[in-house]
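Hi there,

Here is the model I promised to pass on. Have a look at it first, and my notes come after.

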Amino acid sequence: MREDGRTLAEMVRDIGIDYRPDGTVFDPDPERVSVLKEVVAALPEADRRMLLLYAEFRSYRQMGAALHLSHMTCRRAVVRIRARVLEGYAAEMERRRRLIENANKWK
């Protein structure tokens with residue numbers, strides 16, 4: 001149990017709910033935040049959980065202790081996941097830039 005009385009599973013569930021993209025046309029998030037949410041939502045469940053736990057703990061050692069893993073295993077996983085998020089973000093932003101560029105050609 002955490003200091004606020006929530007279990008680790010409850011904390012992960014709440015973070016996932018807070019950061020789930022809603023997919024509406026009137027999304028109040030800036031485009032870059034919306035793209036980031038989509039990229040993170042497309043990650044496998046285990047990767048999303050690892051990323052969210054790292055954001056919560058901010059320490060590979062604390063994260064490893066909570067998951068019963070070595071801190072190096074946690075570090076390698078987070079580095080790999082961050083690289084996937086950055087690649088996905090860059091690819092989606094480039095795709096959107098090209099769409100806008102192509103649309104402007106037809107004006």
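First, the ground rules. This is a predicted model, in which local features need pLDDT of at least 70 and side-chain atom pairs count only at pLDDT 80 or more, while totals for chains, interfaces and linings use all residues. Residues are numbered from 1 along each chain as its sequence is written, and side-chain values use heavy atoms, with hydrogens and water left out.

The protein chain has five helices and zero strands, where helices (H or I, at least four residues) and strands (E, at least two) are DSSP runs numbered from the N terminus. Along the sequence the pattern is therefore α-α-α-α-α. Of its 107 residues, 21% are buried (under 20% relative accessible area, with exposed over 50% and partly exposed in between; 1.4 Å probe, protein chains only). Contact means heavy atoms within 4.5 Å; among contacts between residues at least 6 apart in sequence, 57% join residues at least 24 apart.

Helix α1 (residues 8-18) buries Met 11, Val 12 and Ile 15. These cover an arc of only 95 degrees around the axis, which puts them on the same side of α1; the arc is that of the directions from the helix axis to the C-beta atoms. The buried residues of α1 pack against α3.

Helix α3 (residues 45-57) also packs on helix α4 (residues 60-67), at an angle of about 125 degrees and with the axes 8 Å apart. Axes are lines fitted to C-alpha atoms, for helices over the stretch in contact, and angles run from 0 to 180 degrees between N-to-C directions. That makes α3 oblique to α4 (under 35 degrees counts as roughly parallel, over 145 as roughly antiparallel, 65 to 115 as roughly perpendicular and the rest as oblique). On the α3 side, Met 50, Leu 53, Tyr 54 and Phe 57 meet Tyr 60, Gln 62, Met 63, Ala 66 and Leu 67 of α4.

The axes of α4 and helix α5 (residues 71-105) come within 8 Å and cross at roughly 110 degrees, which makes α4 roughly perpendicular to α5. Here Tyr 60, Arg 61, Met 63, Gly 64 and Leu 67 of α4 touch His 71, Cys 74, Arg 75, Val 78 and Val 79 of α5.

Best wishes
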